[in-house]
Amino acid sequence: MKLNLLSCDAQRPDKRAIAKYIAEISSNINESLANELTEIILEGDAVDIEIEDKNSGSALRTFRKLRVDYEIIE
């Protein structure tokens, strides 16, 4: 499944938690890249990531909990 992570509307976003979670659920993103992608999201630019289908339900719930807006691409 592909997700387009649009932005984070939390007043005080937890950068470390967002980056850690992106690295955890994505099949091809390491921790360093996840940190860079998190910075991009927090600046207001969209980022595409690919996650395994078995993680899709929990991934969507966690992104909502972290207040990361997303759209499903595939």
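Q: What makes a stretch of residues a helix here?
A: A helix is a DSSP run of H or I with at least four residues, numbered from the N terminus. In this predicted model, α2 covers residues 31-42 and has 12 residues. G44 follows α2, and its phi is positive, near 105°.

Q: How do you know what span to expect for α2?
A: The expected span is 1.5 Å times one less than the number of residues. For α2 that gives 16 Å. From first C-alpha to last, α2 reaches 16 Å, close to the expected value.

Q: Which residues of α2 are called buried?
A: Buried means under 20% relative accessible area. A34, L37, T38 and I41 are buried in α2.

Q: Why do the buried residues of α2 line one face?
A: Viewed down the helix axis, they fall within an arc of 105°, so they share one face of α2. An α-helix has 3.6 residues a turn, so residues three or four places apart point the same way.

Q: What do the buried residues of α2 pack against?
A: They pack against β1 (2-8), α1 (15-25) and β2 (47-50).

Q: What makes N30 a cap of α2?
A: A side-chain oxygen of N30 lies 3.3 Å from the backbone nitrogen of S32, at the N-terminal end of α2. The cut-off for a polar contact is 3.5 Å. A polar side-chain atom of N30 also lies 2.8 Å from the backbone nitrogen of L33. N30 itself sits in the loop between α1 and α2.

Q: Why is N30 called partly exposed?
A: Its relative accessible area is 49%.

Methods: Residues are numbered from 1 along each chain as its sequence is written. This is a predicted model: local features need pLDDT of at least 70, side-chain atom pairs count only at pLDDT 80 or more; totals for chains, interfaces and linings use all residues. Side-chain values use heavy atoms; hydrogens and water are left out. Helices (H or I, at least four residues) and strands (E, at least two) are DSSP runs, numbered from the N terminus. Buried means under 20% relative accessible area, exposed over 50%, partly exposed in between (1.4 Å probe, protein chains only). The arc is that of the directions from the helix axis to the C-beta atoms. Contact means heavy atoms within 4.5 Å. A polar contact is a pair of N or O atoms within 3.5 Å; within protein, one must be able to donate a hydrogen and the other to accept it, and residues adjacent in sequence count only if both atoms are side-chain atoms.
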